[in-house]
Structure formats: C-alpha cells, structure tokens
Amino acid sequence: MPDSTSIPPQDDQKSISVRPEHVRPPFTDKRIESRRNSQSKVLTGSVIVVVILYFARAVFIPMALAILFAFLLRPIVTLLEKTFLRRTLSVIISLAVALTIVSLGTWSLAQQVNSLAKEIAGYSGNLQNKLHFLHVNSGRTIALVEHTIEKVTEPTQKADRPDLKVRIVPDKLNVLDRYEAIAPTAEFVAAAFLVIFLVYFLLKEREQLRDKMLRMAGRANLTVTTQAIGETTFRISRYLLTLALINSAYGAVIWIGLTLLRVPHAPLWGVLATLLRFVPYVGPVISAALPTLLALAAFPNWFIPAAVLGLFILADQVLAGFIEPAVIGNRVGVSPIALLVAAIFWGWLWGPVGLLLATPITVCLTVAGEFIPALQIFSIMFGTEAPLEGYLSYYNRLLTRDRAGASALADRYAEVNSLEATFNDLFIPTLAFAQEELQRERITKINDNFIKDTTRELIVRIGDRAAMVQATNPRVVAAPVAGERLSLGTLMLTQLLRGEGYRADYMTDLDAQEVRSYVEQAHPAAVFVSCSRKDNLELGYELLGILSSQFPGLVLIAGGSAFTSDDEKTTSAGATYVPRSLSAAKEDILREIRRSRRRTGKTSLSHSPSAVST
C-alpha cells in the first residue's frame with residue numbers, strides 16, 4: 001500500500017562483486033608511488049627553501065623589500081607615465097618621494113624614541129599612585145604587578161644619582177676592530193642602496209622581466225602565462241597600495257586623536273600604528289597597548305588612558321568592519337588564519353622585517369597560486385575559498401558520520417540554489433563517487449549505506465520545502481519492484497516533479513498486481529518504476545509489461561541501475577522513458593506526460609479519495 005510518511009529501510013543497492021584485478025588496476029600502484037614521490041619532493045624542497053631563506057636572509061630580505069616597494073609604487077609610476085613624463089623620470093620621482101617620506105619618518109621616529117626614553121623616569125610617580133589606588137580598592141590581587149613595576153622602574157630612579165664609571169680604552173684599534181664597529185652600519189647602508197637600485201630596475205624594466213618569464217614558460221603557455229602575470233601583478237599592486245593607504249589613514253587618525261588627548265609623542269604612536277597594522281591581529285593590539293600604558297603613567301586620572309584605548313578600538317573596528325570590506329572586499333581572499341600563521345612564520349624567519357612582510361608575501365603567494373599551477377598549493381592553503389568542491393565537502397562529512405554537518409551544508413546549498421541544482425551538483429556526484437570508492441574497496445558497505453540513507457532523508461526534506469502541491473494537482477506514482485527500496489535517482493525525479501506541481505505517491509513492498517490495482521484507482525499522470533538489483537530484473541520487466549498492457553496511454557519511467565544497464569531491453573519491456581541523466585530527464589518526462597494527455601484526450605485527471613500523497 002502507499003507509504004507517504006516514510007521510506008522503508010531496505011537497501012536499494014546490491015553489493016557489487018568486483019574482481020580484484022578490476023578493483024586495483026595495474027596502474028594504481030604506480031599512481032600511488034608517484035603521488036608519494038611527489039609529496040616527498042615537495043616536503044624536501046620546502047625544507048631546503050626554508051633553510052636557504054634563513055641562512056641567506058641578508059640577501060633575500062633586501063630583495064623581498066624591493067619587490068614589495070615595486071608593487072607599491074607601480075600604480076603611481078603607471079599614473080605618472082600617462083602624463084608628459086617618461087618612464088625613467090616617473091620612476092625617479094616616485095622613488096624620490098618614497099625615500100623622502102621614509103627618511104623623514106625614520107628620523108622623526110628616532111627623535112621620538114630618544115625623547116621618550118628620557119621622559120620615562122618622570123612618569124613613575126603617577127604610575128605608583130595608580131598602583132596604590134588599585135592595591136587599596138582591589139586587595140592584594142595587584143601586589144605582584146606593583147612589585148614588578150617597582151623592579152622595572154628602579155634602575156630608572158637611580159639614574160638621578162651620578163655613578164662613577166670606569167672605562168678601559170685600548171691603546172690602539174686594529175683594522176678588524178674598526179670594521180666590526182662600523183659593520184652593522186655599513187651593512188644597513190649597503191642593503192638600503194641595494195633595495196633602492198633594485199626597485200628602480202624592477203619598475204623601469206618590468207616589461208623586459210615579464211618577457212623573460214614568458215620565454216621561460218614557452219610558446220605553448222604564452223597566452224595563459226601572459227594573463228596570469230598581468231592579472232597577478234595588477235591585483236597585488238592594487239591590494240598592497242590600498243592596504244598601505246588604509247593603514248596610513250589609520251595611523252593619521254591615531255596621531256591626530258592622541259594629539260588632541262595630549263598624549264606625549266603622538267607622531268611616534270601614529271607611525272607605529274601604521275606599521276604594526278600590517279601584522280594581523282597581534283599588531284593592532286601591540287600598537288594600542290604601548291600608548292595606553294604611557295597614558296596610564298603620564299596622566300594622574302583614568303580618563304585619558306580609557307580614551308586612548310577607546311580611540312584605538314573604535315578606529316580599528318571602523319576600518320575592519322566598514323572601510324576595508326567596501327574598499328578591498330574579497331579581491332585577494334586570504335584566510336585570517338593563514339595571515340596569522342604567516343606572521344608567526346616570517347617573524348621567526350626574518351625577525352621584525354618578516355612581520356612587516358608577512359601579509360604582502362602571503363597575498364602575493366595566494367594570488368599567484370590562482371593563476372600559476374606550480375603555486376596552486378599556496379592558493380589552497382592560504383585562500384578563503386572552500387578547499388574541497390561542494391560535493392566532496394558533503395561527501396567528507398558523510399564519510400566521518402557527521403550527519404548534522406552534512407545536513408547543514410546541503411541546507412545552505414539549497415537555500416541559494418534550485419532543487420535541481422542541489423540534486424545535480426551535490427547529491428548525484430556524491431552518490432557516484434561513493435559507488436566508485438565502494439568498488440575500489442576504499443569504503444565499506446556500512447559507509448555506503450550511511451551515505452545513501454542520509455542523502456535519501458535530505459532529498460525528501462529539501463524536496464518537501466520546494467514542493468508546490470495542492471489537492472487538485474495531477475499525480476505521479478513511484479514504486480520499486482517488490483523487496484527493494486525506491487532508487488535515489490527515481491526519488492529525485494519525483495521530487496522535481498513535485499516542484500512542478502505534481503503530487504507523488506510512494507509505494508513499497510507491493511507485487512505487480514497490487515501496483516496495477518492502485519494505478520487503476522489513482523489514474524496518475526505517470527508511474528515511476530525502479531529496479532536496482534539485477535537479480536530482480538525479471539520482476540521489473542513483468543511489472544512494466546503489466547502496466548503497459550493494461551494502461552496503453554500511461555507514461556512509464558523506468559529508473560534504477562538495473563534498468564539503466566540495458567535501456568533498450570527495458571524500453572522493449574514497456575517503459576516509455578529510461579532516464580540517463582537528471583538534467584534532461586525532468587523536461588523529457590514533462591514533455592512525455594503532456595504528449596500522452598493530448599493523445600488520450602484527457603483534460604483533467606481523476607484522483608482516488610483514498611490515495612495518500614506526500
């Protein structure tokens with residue numbers, strides 16, 4: 001009898017017996033061995049690259065800084081080239097302006113740091129008063145902090161008393177000693193000039209560098225490589241310049257706000273806020289903590305420190321929540337976790353410079369990985385897009401028995417896609433892939449049954465939401481052969497028809513004569529017959545023969561793996577249509593139903609009062 005409320009628990013697929021040589025073809029071992037060799041090569045190459053980057057950081061840090069500045073200045077140089085200026089003069093002007101800003105900023109920063117170091121001793125009184133206030137009002141919970149602060153400020157307080165110091169001056173410095181004294185300064189100056197000249201040539205001869213890369217890629221990859229280089233360069237340059245402008249605006253707001261609050265050395269904190277904001281998550285916290293602690297020590301009240309902290313929080317939240325999404329959006333799509341891990345890695349590898357370069361380097365690798373196959377691993381690791389295709393992610397959750405996660409993923413997909421797209425893009429590829437894995441003996445029959453049962457429930461639930469069923473709508477009947485479950489493909493087809501306004505009756509465990517009697521009473525527009533087990537084919541053919549002979553104008557759709565394995569024989573047994581794909585099946589079936597109704601001259605369908613519909 002019809003069953004409209006539940007699908008019986010019988011299995012709809014027979015265990016497929018596959019010979020070992022079919023399960024594990026000869027090339028499988030080679031493919032596994034090749035994959036292992038490739039993974040070992042990637043791991044070995046990564047270790048070698050990290051070691052080289054660490055021990056040769058004196059060479060790679062200037063090169064990385066030069067590439068970063070080249071990306072930053074490229075939009076400016078391109079803009080100047082559109083005027084009467086030529087390439088060389090545009091590059092020189094851009095470099096001169098950048099060097100002036102960096103030099104003045106560095107000089108001002110050094111002056112602010114020196115001045116701050118001299119003034120720290122004068123702030124110990126306010127800090128002691130605040131600690132005493134907290135000690136009185138909070139009991140002894142602050143005693144450890146107070147003791148630590150006293151230890152920190154003790155050397156500063158003793159600085160007012162002159163101490164006699166003895167310095168031993170050597171009679172004469174040799175050449176090696178003199179070189180060791182000036183070596184850090186000389187190396188810094190040499191690295192600075194190296195960065196300047198490298199930026200100049202990267203900007204001036206960027207077309208020549210691009211042509212060399214194209215030549216290395218070869219003629220066959222010329223088009224793809226040209227598009228990849230152009231798009232990657234444009235997106236990275238635009239992103240880094242936009243990020244630099246946003247961070248500079250953030251630093252300017254902090255500078256102005258701290259100046260209005262009369263916090264000492266506001267320019268210093270503005271510059272640090274700009275630089276530290278390139279370091280994800282940790283940078284803004286550090287940039288806010290330093291001036292807040294200074295305000296606690298410099299001012300006798302609590303209002304100014306609270307205002308300083310509120311200024312940083314407000315400015316950062318406005319930028320992160322409103323300005324950055326509107327200006328930058330998802331142009332590069334770098335994962336927040338990837339940025340944090342990159343900051344830790346590059347900070348360990350290259351120190352403070354690595355912290356500043358972490359975000360730009362991660363962005364460069366992520367964008368480049370979208371276009372260059374050899375770097376695709378970085379796009380997968382660092383990108384925000386799902387690392388697995390939709391159906392693979394759904395399959396993975398089912399494989400781990402995460403029924404709730406799989407259901408949530410399917411529901412989210414169905415909310416933004418049609419019912420047919422959900423079936424075609426999510427359920428059908430998952431079932432096909434699970435069948436392949438079962439045949440290769442990579443999953444068990446228990447896994448396969450769990451995948452099918454969960455998918456069956458979701459097909460019914462999502463189909464119920466999309467159904468447009470009314471009491472007067474035409475009816476379709478779906479019935480498997482006796483002893484089987486309705487095949488999932490047939491179930492999806494009936495749910496699609498429900499979305500077109502048809503009512504569906506699901507019948508289970510009925511023999512051929514019982515199905516014939518019900519069809520005679522219900523007068524459906526179409527009958528779906530499914531057979532998934534090859535040993536039940538004779539029962540399926542018998543049911544098709546009875547229905548086709550008793551109801552000549554009835555549309556009979558035969559589904560299930562057993563029927564589709566020999567569609568010609570299934571058609572000769574009486575089937576009107578044997579679906580091969582869900583995409584075309586719905587329209588073809590609707591067309592067959594309309595043609596049958598015109599041929600039989602029926603303008604309306606009668607329905608049995610006792611029929612139960614879903």
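Across the whole structure, a search finds 11 aromatic pairs, where rings of Phe, Tyr and Trp (its six-membered ring) pair if their centres lie within 6.5 Å, with planes under 30 degrees apart counted as stacked, over 60 as edge-to-face and the rest as tilted. The rings of F193 and F197 have centres 6.5 Å apart and planes at 25°, so this pair is stacked. The rings of F345 and W348, with centres 6.1 Å apart and planes at 45°, form a tilted pair. F345 is partly exposed at a relative accessible area of 29%, whereas W348 is exposed at 53% (buried means under 20% relative accessible area, exposed over 50%, partly exposed in between, with a 1.4 Å probe and protein chains only). Ring pairs also link Y54, F55, F345, W346, W348 and W350 into a cluster.

This is a predicted model, in which local features need pLDDT of at least 70 and side-chain atom pairs count only at pLDDT 80 or more, while totals for chains, interfaces and linings use all residues. Residues are numbered from 1 along each chain as its sequence is written, and side-chain values use heavy atoms, with hydrogens and water left out.

Turning to the strands, β3 (residues 526-530) has 5 of its 5 residues buried; helices (H or I, at least four residues) and strands (E, at least two) are DSSP runs, numbered from the N terminus. On one side of β3 lie A526, F528 and S530, and on the other V527 and V529. Strand β1 (residues 475-480) runs parallel to β3 and is joined to it by 5 bridges, pairing being assigned if DSSP finds at least two bridges between two strands; here V476 has A526 as its bridge partner.
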